[in-house]
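Take a moment with the sequence and the fold before reading on.

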Amino acid sequence: MREKNFGKNLRLARVNKGYTQEQLANMIGLSKQAITMYETNKRTPKNSALRKIASILEVSLDFLLDNAEKTSPKLQELSSELPMETLTSEENEKANNAIEFVELFNSLFSPEELRILIEKFTKLADFLEGKI
C-alpha cells in the first residue's frame with residue numbers, strides 16, 4: 001500500500017461524502033481515533049475495515065490504495081503534460097488538487113454521470129456570472 005497517499009485519499013473520499021471522522025468510524029465500528037490515524041498515515045486498516053471503508057464511501061479499493069496503474073491512462077497523460085516545474089508551489093498544489101479531484105470523480109461516476117454533472121456545474125457557473 002502506498003501509505004503516503006492512502007490517508008489523503010481516505011480523507012478526500014470521506015469529505016466528499018460529507019461524513020465526519022466520527023460518523024465514518026461509527027459506520028465501520030471503529031473509533032474516531034482510528035480514522036484519524038488512517039488519515040494521517042500513522043496506521044493502516046485491516047483488509048476487512050478497508051473493504052468496509054471503500055463500500056461506505058462508494059470508492060474503489062484502487063482509489064483508496066492509490067494504485068497508479070489503475071488510474072485512467074488519459075488522466076496519467078494529462079497530468080504528465082502539466083508544466084509542474086514552472087509553477088509556483090501554490091500553483092503546483094492547486095494543480096495537484098485538481099488532478100486528485102478529477103481522479104476522485106472518475107472513480108465515483110460513470111462517464112455519462114460526469115457529463116451530466118459538468119452540464120449542471122456549467123449552468124450553475126453561468127447563473128452565478130449572471131449569464132442566465
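Predicted model: local features only at pLDDT ≥ 70, side-chain atom pairs only at ≥ 80, totals over all residues.

Residues are numbered from 1 along each chain as its sequence is written, and side-chain values use heavy atoms, with hydrogens and water left out.

Start with helix α2, residues 21-28, and helix α3, residues 32-39. Helices here are DSSP runs (H or I, at least four residues), numbered from the N terminus. The axes of α2 and α3 come within 8 Å and cross at roughly 110°. That makes α2 roughly perpendicular to α3, a word kept for angles of 65 to 115 degrees. Each axis is a line fitted to C-alpha atoms over the stretch in contact, and angles run from 0 to 180 degrees between N-to-C directions. The crossing of α2 and α3 is right-handed: the near helix is turned clockwise from the far one by less than a right angle.

Which residues make the contact? From α2 come Gln-21, Glu-22, Leu-24, Ala-25 and Ile-28. From α3 come Lys-32, Ile-35, Thr-36 and Glu-39. Contact means heavy atoms within 4.5 Å.

Now look at burial in α2. Gln-21, Leu-24, Ala-25 and Ile-28 are buried (under 20% relative accessible area; exposed is over 50%, partly exposed in between, with a 1.4 Å probe and protein chains only). These four residues cover an arc of only 100° around the axis, which puts them on the same side of α2. The arc is that of the directions from the helix axis to the C-beta atoms. Just after α2, Gly-29 takes a positive phi of about 90°.

Move on to the loop between α3 and α4 (47-57), where Asn-41 sits. Asn-41 is not a glycine, yet its phi is positive, about 60°. Asn-41 is partly exposed, with a relative accessible area of 30%.

Helix α4 comes next. Its buried residues are Ala-49, Leu-50, Ile-53, Ala-54 and Leu-57. Seen down the axis of α4, they fall within an arc of 135°, so they line one face of the helix. On the other side of α4, Asn-47 and Ser-55 are exposed.

Finish at Glu-58, in the loop between α4 and α5 (61-65). Glu-58 has a positive phi of about 55° although it is not a glycine. Is Glu-58 buried or exposed? Glu-58 is exposed, with a relative accessible area of 52%.

How values were computed
Helix = DSSP H or I, 4+ residues; strand = E, 2+ residues; numbered from the N terminus. Parallel < 35°, antiparallel > 145°, perpendicular 65-115°, else oblique.
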